[in-house]
Amino acid sequence: DALLYAMDKMAEYGIEFSSEGLDEFAAELLAINAMDEKPNIPVMLSALPREAAEAISAALGSEEQISDPTAVAEGCIKTIVGAQLEEKINQLASIMERDTSPEVRSEYMRLVKMRASLK
């Protein structure tokens with residue numbers, strides 16, 4: 001459920017996993033879950049690039065400490081979206097030093113409002 005929630009929110013905000021292979025791993029995990037089958041994580045990890053396999057292994061190793069995976073997923077999504085928005089806001093602030101058009105200002109304000117809504 002948490003993975004489905006995270007992937008839905010990621011699509012909503014246009015976020016992609018930063019490491020190659022994570023999208024494929026998540027999609028495969030969802031497909032296996034939809035068929036009510038148990039995933040063979042070691043086999044799935046072996047098909048991934050090393051960086052992605054290590055990131056997933058680290059995340060799976062901490063799974064026992066998570067009491068509400070959906071809340072954790074939501075927090076992660078907000079952090080990722082917030083960081084992306086912050087980068088775009090800073091870029092627009094720089095652009096606004098030389099371009100004061102209404103379109104640039106409007107986009108800047110839209111992103112600032114979106115960032116505020118994440119909190």
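**Figure 1. Helix α4 in the predicted model, covering residues 50-61.** The helix has 12 residues, and the distance from its first C-alpha to its last is 16 Å. That is close to the 16 Å expected at 1.5 Å a residue. Ala52, Ala53 and Ile56 are the buried residues shown here. They sit on the same side of α4, because they cover an arc of only 100° around the axis. The other side of α4 carries Arg50, Glu51, Ala58 and Gly61, which are exposed. The cover over the buried residues of α4 includes α2 (22-34) and α3 (41-46).

Figure 2. Glutamate 54 and arginine 50 are 4 residues apart in helix α4, so about one helical turn separates them. How exposed are the two partners? Glutamate 54 has a relative accessible area of 43%, which makes it partly exposed. Arginine 50 reaches 65% relative accessibility and therefore counts as exposed.

**Figure 3. Helix α1 and its buried face.** The end C-alpha atoms of α1 are 16 Å apart, in agreement with the 16 Å that its 12 residues should span at 1.5 Å a residue. Ala2, Ala6 and Met10 are buried in this helix. Seen down the axis of α1, the buried residues fall within an arc of 70°, so they line one face. Against what do these buried residues of α1 pack? Their packing partner is α5. Turned away from the buried side is a face with the exposed residues Leu4, Asp8, Ala11 and Glu12. After α1 comes glycine 14, which has a positive phi near 70°.

Figure 4. Lysine 9 counts as partly exposed because its relative accessibility is 21%, and the cut-off for buried is under 20%. Glutamate 12 is one of the exposed residues on the face of α1 turned away from its buried side.

**Figure 5. The largest nonpolar core, with 12 residues.** Its members are Ala6, Met10, Ile15, Ala73, Ile77, Val81, Leu85, Ile89, Leu92, Val104, Leu111 and Leu118. Which helices each supply at least two residues of this core? They are α1 (2-13), α5 (69-96) and α6 (102-117). Helix α5 gives the most, with 6 residues. Apart from this core lies another, of 10 residues, among them Leu22, Ile41, Leu45 and Ile56. Ile56 is also one of the buried residues of α4. In soluble globular proteins, nonpolar side chains tend to be buried together.

**Figure 6. Isoleucine 89 and its contacts.** Leaving out residues up to four places away in sequence, isoleucine 89 touches Tyr108, Leu111, Val112 and Arg115. Isoleucine 89 and Leu111 both belong to the largest nonpolar core.

**Figure 7. A salt bridge between arginine 115 and glutamate 86.** The closest N and O atoms of this pair are 2.4 Å apart. The pair links distant parts of the chain, with arginine 115 in helix α6 and glutamate 86 in helix α5, 29 residues apart. Arginine 115 is partly exposed, with a relative accessible area of 22%. Glutamate 86 is partly exposed too, with a relative accessible area of 32%. The salt bridges come to a count of 5. Side chains of opposite charge can pair when their charged atoms come close.

**Figure 8. The whole chain, as a setting for the close-ups.** The chain has 6 helices and 0 strands, in the order α-α-α-α-α-α along the sequence. Its radius of gyration is 18 Å, well over the 14 Å that the globule rule gives for 119 residues, so the chain is more spread out than a compact globule. Taken along the principal axes, the C-alpha atoms fill a box of roughly 55 × 30 × 25 Å. Of the 119 residues, 24% are buried. Among contacts between residues at least 6 apart in sequence, 50% join residues at least 24 apart.

How values were computed
Residues numbered from 1 in each chain as written. Predicted model: local features only at pLDDT ≥ 70, side-chain atom pairs only at ≥ 80, totals over all residues. Heavy atoms only, no water. Expected span 1.5 Å × (residues − 1). Buried < 20%, exposed > 50% of the residue type's maximum accessible area, 1.4 Å probe, protein only. Arc of directions from axis to C-beta. Contact = heavy atoms within 4.5 Å. Core = buried A, V, L, I, M, F, W, Y, C linked by side-chain atoms within 4.5 Å. Salt bridge = Lys/Arg side-chain N within 4 Å of Asp/Glu carboxyl O. Rg over C-alpha atoms; globule rule 2.2 N^0.38 Å.
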